Amino acid sequence: MSAALGLYRLQSVDRQIDQVETGLARIREILDNDAELKQASGLLEAARRNLHHTHQEFRVAEAETVDQRSKIEKAESDLYSGRVQNPKELQDLQLEVASLKKRLAVLEENELASMITVEAHENALKEASSELEKLQARLGTEHQMLLTEQARFQNEMIRLTEEREASVKPIESALLRQYENLRRQKKGVAVAGIAENSCDACGVLLTQSLQQNAKSNVQLTFCPSCGRILYMG
Ligand SMILES: [Zn+2]
(Lines give C-alpha, C1' and ligand atoms only; values in the text may rest on other atoms or scores of the structure.)
Protein backbone atom coordinates (compact mmCIF):
# COMPACT_ATOMS: atom_id res chain seq x y z
CA MET A 1 0.00 0.00 0.00
CA SER A 2 1.33 3.44 -0.88
CA ALA A 3 1.95 5.95 1.88
CA ALA A 4 -0.57 8.35 0.36
CA LEU A 5 -3.28 5.70 0.26
CA GLY A 6 -2.58 4.74 3.88
CA LEU A 7 -2.87 8.36 4.96
CA TYR A 8 -5.96 8.84 2.83
CA ARG A 9 -7.67 5.92 4.56
CA LEU A 10 -6.56 7.13 7.96
CA GLN A 11 -7.96 10.55 7.19
CA SER A 12 -11.32 9.08 6.26
CA VAL A 13 -11.48 7.42 9.69
CA ASP A 14 -10.26 10.57 11.43
CA ARG A 15 -12.93 12.68 9.77
CA GLN A 16 -15.63 10.29 10.91
CA ILE A 17 -14.17 10.51 14.42
CA ASP A 18 -14.35 14.31 14.19
CA GLN A 19 -18.02 14.12 13.24
CA VAL A 20 -18.87 11.75 16.07
CA GLU A 21 -16.98 13.96 18.52
CA THR A 22 -18.89 17.01 17.34
CA GLY A 23 -22.16 15.12 17.76
CA LEU A 24 -21.24 13.97 21.25
CA ALA A 25 -20.21 17.50 22.27
CA ARG A 26 -23.51 18.88 20.99
CA ILE A 27 -25.51 16.31 22.98
CA ARG A 28 -23.46 16.90 26.12
CA GLU A 29 -24.10 20.63 25.83
CA ILE A 30 -27.86 20.17 25.48
CA LEU A 31 -28.03 17.73 28.36
CA ASP A 32 -26.01 20.07 30.58
CA ASN A 33 -27.95 23.14 29.62
CA ASP A 34 -31.20 23.12 31.56
CA ALA A 35 -31.68 26.88 31.32
CA GLU A 36 -35.29 26.49 30.22
CA LEU A 37 -36.05 24.30 33.19
CA LYS A 38 -34.35 26.70 35.59
CA GLN A 39 -36.36 29.60 34.21
CA ALA A 40 -39.68 27.77 34.52
CA SER A 41 -38.93 26.71 38.11
CA GLY A 42 -37.90 30.27 38.90
CA LEU A 43 -41.22 31.59 37.59
CA LEU A 44 -43.14 29.03 39.63
CA GLU A 45 -41.21 29.98 42.75
CA ALA A 46 -41.90 33.69 42.16
CA ALA A 47 -45.62 32.96 41.61
CA ARG A 48 -45.69 31.08 44.92
CA ARG A 49 -44.04 33.96 46.77
CA ASN A 50 -46.41 36.49 45.18
CA LEU A 51 -49.45 34.46 46.18
CA HIS A 52 -48.21 34.07 49.73
CA HIS A 53 -47.61 37.80 49.97
CA THR A 54 -51.02 38.81 48.57
CA HIS A 55 -52.69 36.22 50.82
CA GLN A 56 -51.18 37.94 53.83
CA GLU A 57 -52.38 41.32 52.59
CA PHE A 58 -55.85 39.91 52.16
CA ARG A 59 -55.88 38.53 55.72
CA VAL A 60 -54.93 41.96 57.08
CA ALA A 61 -57.66 43.67 55.04
CA GLU A 62 -60.18 41.06 56.16
CA ALA A 63 -59.25 41.51 59.82
CA GLU A 64 -59.61 45.27 59.48
CA THR A 65 -63.19 45.04 58.19
CA VAL A 66 -64.16 42.53 60.88
CA ASP A 67 -62.71 44.85 63.47
CA GLN A 68 -64.49 47.83 61.99
CA ARG A 69 -67.84 46.00 61.96
CA SER A 70 -67.53 45.16 65.62
CA LYS A 71 -66.72 48.79 66.41
CA ILE A 72 -69.91 49.82 64.58
CA GLU A 73 -71.93 47.17 66.38
CA LYS A 74 -70.70 48.42 69.71
CA ALA A 75 -71.40 52.09 68.89
CA GLU A 76 -74.87 51.23 67.59
CA SER A 77 -75.74 49.19 70.64
CA ASP A 78 -74.67 52.15 72.79
CA LEU A 79 -76.80 54.39 70.62
CA TYR A 80 -79.94 52.26 70.90
CA SER A 81 -79.44 50.95 74.39
CA GLY A 82 -81.29 53.84 76.00
CA ARG A 83 -78.41 54.31 78.40
CA VAL A 84 -77.41 57.54 76.70
CA GLN A 85 -80.04 60.22 77.19
CA ASN A 86 -78.12 63.43 76.70
CA PRO A 87 -78.97 64.83 73.20
CA LYS A 88 -75.44 66.14 72.66
CA GLU A 89 -73.98 62.74 73.55
CA LEU A 90 -76.54 61.01 71.35
CA GLN A 91 -75.64 63.25 68.46
CA ASP A 92 -71.94 62.54 68.98
CA LEU A 93 -72.65 58.84 68.97
CA GLN A 94 -74.64 59.14 65.74
CA LEU A 95 -71.79 61.03 64.14
CA GLU A 96 -69.35 58.39 65.31
CA VAL A 97 -71.44 55.56 63.81
CA ALA A 98 -71.68 57.45 60.50
CA SER A 99 -67.93 58.03 60.45
CA LEU A 100 -67.20 54.38 61.32
CA LYS A 101 -69.48 53.24 58.49
CA LYS A 102 -67.80 55.53 56.02
CA ARG A 103 -64.44 54.08 56.97
CA LEU A 104 -65.90 50.55 56.72
CA ALA A 105 -66.87 51.19 53.09
CA VAL A 106 -63.26 52.05 52.29
CA LEU A 107 -61.97 48.99 54.15
CA GLU A 108 -64.44 46.72 52.36
CA GLU A 109 -63.25 48.05 49.04
CA ASN A 110 -59.66 47.26 50.05
CA GLU A 111 -60.71 43.78 51.05
CA LEU A 112 -62.43 43.17 47.73
CA ALA A 113 -59.48 44.51 45.74
CA SER A 114 -57.18 42.33 47.78
CA MET A 115 -59.34 39.28 47.12
CA ILE A 116 -59.25 39.91 43.38
CA THR A 117 -55.46 40.17 43.52
CA VAL A 118 -55.28 36.86 45.36
CA GLU A 119 -57.39 35.20 42.67
CA ALA A 120 -55.17 36.61 39.93
CA HIS A 121 -52.08 35.26 41.68
CA GLU A 122 -53.72 31.90 42.19
CA ASN A 123 -54.29 31.72 38.44
CA ALA A 124 -50.71 32.79 37.74
CA LEU A 125 -49.46 30.04 40.04
CA LYS A 126 -51.60 27.42 38.31
CA GLU A 127 -50.30 28.57 34.94
CA ALA A 128 -46.65 28.54 36.02
CA SER A 129 -47.10 25.11 37.50
CA SER A 130 -48.66 23.68 34.35
CA GLU A 131 -45.93 25.30 32.19
CA LEU A 132 -43.28 23.58 34.27
CA GLU A 133 -45.06 20.22 34.01
CA LYS A 134 -45.34 20.56 30.23
CA LEU A 135 -41.67 21.46 29.96
CA GLN A 136 -40.63 18.54 32.13
CA ALA A 137 -42.67 16.17 29.99
CA ARG A 138 -41.19 17.56 26.78
CA LEU A 139 -37.61 17.53 28.07
CA GLY A 140 -38.15 14.00 29.34
CA THR A 141 -38.85 12.80 25.79
CA GLU A 142 -36.13 14.97 24.29
CA HIS A 143 -33.54 13.81 26.81
CA GLN A 144 -34.49 10.20 26.20
CA MET A 145 -33.89 10.67 22.48
CA LEU A 146 -30.58 12.39 23.11
CA LEU A 147 -29.43 9.60 25.40
CA THR A 148 -30.23 7.04 22.70
CA GLU A 149 -28.29 9.09 20.16
CA GLN A 150 -25.42 9.48 22.58
CA ALA A 151 -25.20 5.72 23.09
CA ARG A 152 -25.18 5.21 19.32
CA PHE A 153 -22.35 7.73 18.92
CA GLN A 154 -20.38 6.10 21.72
CA ASN A 155 -20.60 2.70 20.05
CA GLU A 156 -19.60 4.29 16.78
CA MET A 157 -16.61 5.82 18.52
CA ILE A 158 -15.45 2.43 19.83
CA ARG A 159 -15.65 0.99 16.32
CA LEU A 160 -13.84 3.98 14.79
CA THR A 161 -11.09 3.89 17.41
CA GLU A 162 -10.36 0.26 16.52
CA GLU A 163 -10.46 1.10 12.85
CA ARG A 164 -8.04 3.96 13.42
CA GLU A 165 -5.58 1.72 15.24
CA ALA A 166 -5.59 -0.65 12.30
CA SER A 167 -5.15 2.20 9.82
CA VAL A 168 -2.28 3.76 11.75
CA LYS A 169 -0.25 0.52 12.06
CA PRO A 170 1.29 0.42 8.56
CA ILE A 171 2.19 4.15 8.57
CA GLU A 172 5.70 5.29 9.42
CA SER A 173 5.86 7.51 12.46
CA ALA A 174 7.54 10.41 10.64
CA LEU A 175 4.79 10.36 8.03
CA LEU A 176 2.15 10.17 10.71
CA ARG A 177 3.55 13.27 12.40
CA GLN A 178 3.60 15.09 9.07
CA TYR A 179 -0.01 14.05 8.44
CA GLU A 180 -1.13 15.16 11.89
CA ASN A 181 0.58 18.54 11.60
CA LEU A 182 -1.03 19.11 8.22
CA ARG A 183 -4.45 18.11 9.53
CA ARG A 184 -4.12 20.64 12.33
CA GLN A 185 -3.08 23.39 9.93
CA LYS A 186 -5.51 22.57 7.13
CA LYS A 187 -8.88 22.34 8.87
CA GLY A 188 -8.78 18.57 9.24
CA VAL A 189 -7.86 17.81 5.63
CA ALA A 190 -4.23 16.73 5.23
CA VAL A 191 -4.70 14.51 2.19
CA ALA A 192 -6.48 15.79 -0.89
CA GLY A 193 -7.77 13.67 -3.73
CA ILE A 194 -7.40 14.56 -7.37
CA ALA A 195 -10.53 15.14 -9.38
CA GLU A 196 -10.76 16.57 -12.90
CA ASN A 197 -7.01 17.27 -12.90
CA SER A 198 -7.40 19.46 -9.82
CA CYS A 199 -6.68 19.27 -6.10
CA ASP A 200 -10.10 18.54 -4.61
CA ALA A 201 -9.30 20.53 -1.46
CA CYS A 202 -8.27 23.87 -2.97
CA GLY A 203 -9.29 23.41 -6.62
CA VAL A 204 -5.97 24.32 -8.22
CA LEU A 205 -5.25 22.69 -11.58
CA LEU A 206 -2.44 20.09 -11.35
CA THR A 207 0.12 19.38 -14.07
CA GLN A 208 0.22 15.92 -15.64
CA SER A 209 3.66 15.23 -14.15
CA LEU A 210 2.43 16.13 -10.67
CA GLN A 211 -0.50 13.76 -11.13
CA GLN A 212 1.88 11.04 -12.32
CA ASN A 213 4.00 11.56 -9.22
CA ALA A 214 0.97 11.31 -7.02
CA LYS A 215 0.03 8.08 -8.74
CA SER A 216 3.53 6.56 -8.75
CA ASN A 217 3.60 6.19 -4.96
CA VAL A 218 7.35 6.45 -4.78
CA GLN A 219 7.19 9.40 -2.45
CA LEU A 220 4.62 11.86 -1.21
CA THR A 221 3.47 14.55 -3.61
CA PHE A 222 2.19 17.86 -2.30
CA CYS A 223 -0.29 20.26 -3.81
CA PRO A 224 1.73 23.31 -4.95
CA SER A 225 -1.09 25.62 -3.89
CA CYS A 226 -2.45 24.41 -0.54
CA GLY A 227 0.44 22.17 0.51
CA ARG A 228 -1.70 19.10 1.18
CA ILE A 229 -0.58 15.58 0.39
CA LEU A 230 -2.02 14.53 -2.96
CA TYR A 231 -3.63 11.15 -3.36
CA MET A 232 -4.54 9.73 -6.75
CA GLY A 233 -7.08 6.94 -6.42
ZN1 LIG B 1 -4.54 21.98 -3.05
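1. Helices H2 (residues 35–80) and H3 (residues 87–168) pack with their axes 7 Å apart, at an angle of about 160°. Axes are lines fitted to C-alpha atoms, for helices over the stretch in contact, and angles run from 0 to 180 degrees between N-to-C directions. H2 is therefore roughly antiparallel to H3 (the term applies to angles over 145 degrees). The residues of this contact divide into 24 nonpolar, 12 polar and 16 charged. Ala, Val, Leu, Ile, Met, Phe, Trp, Tyr, Cys and Pro count as nonpolar, Asp, Glu, Lys and Arg as charged, and the others, Gly among them, as polar.

2. The model is predicted: local features need pLDDT of at least 70, side-chain atom pairs count only at pLDDT 80 or more, and totals for chains, interfaces and linings use all residues. Residues are numbered from 1 along each chain as its sequence is written.

3. The protein has five helices and three strands (DSSP runs, H or I of at least four residues and E of at least two, numbered from the N terminus). Their order from the N terminus is α-α-α-α-β-β-α-β.

4. The three strands form an open sheet, ordered E2-E1-E3, with mixed pairing (strands pair if DSSP finds at least two bridges between them). E2 (198–199) and E3 (229–231) are the edge strands, each with a single partner strand, so one side of each has no neighbour in the sheet. E1 (residues 191–195) pairs with E2 in the antiparallel sense over two bridges. Alanine 195 is opposite serine 198 in E2.

5. The C-alpha trace of the protein spans about 130 × 35 × 25 Å along its principal axes.

Note on methods:
Parallel < 35°, antiparallel > 145°, perpendicular 65-115°, else oblique.
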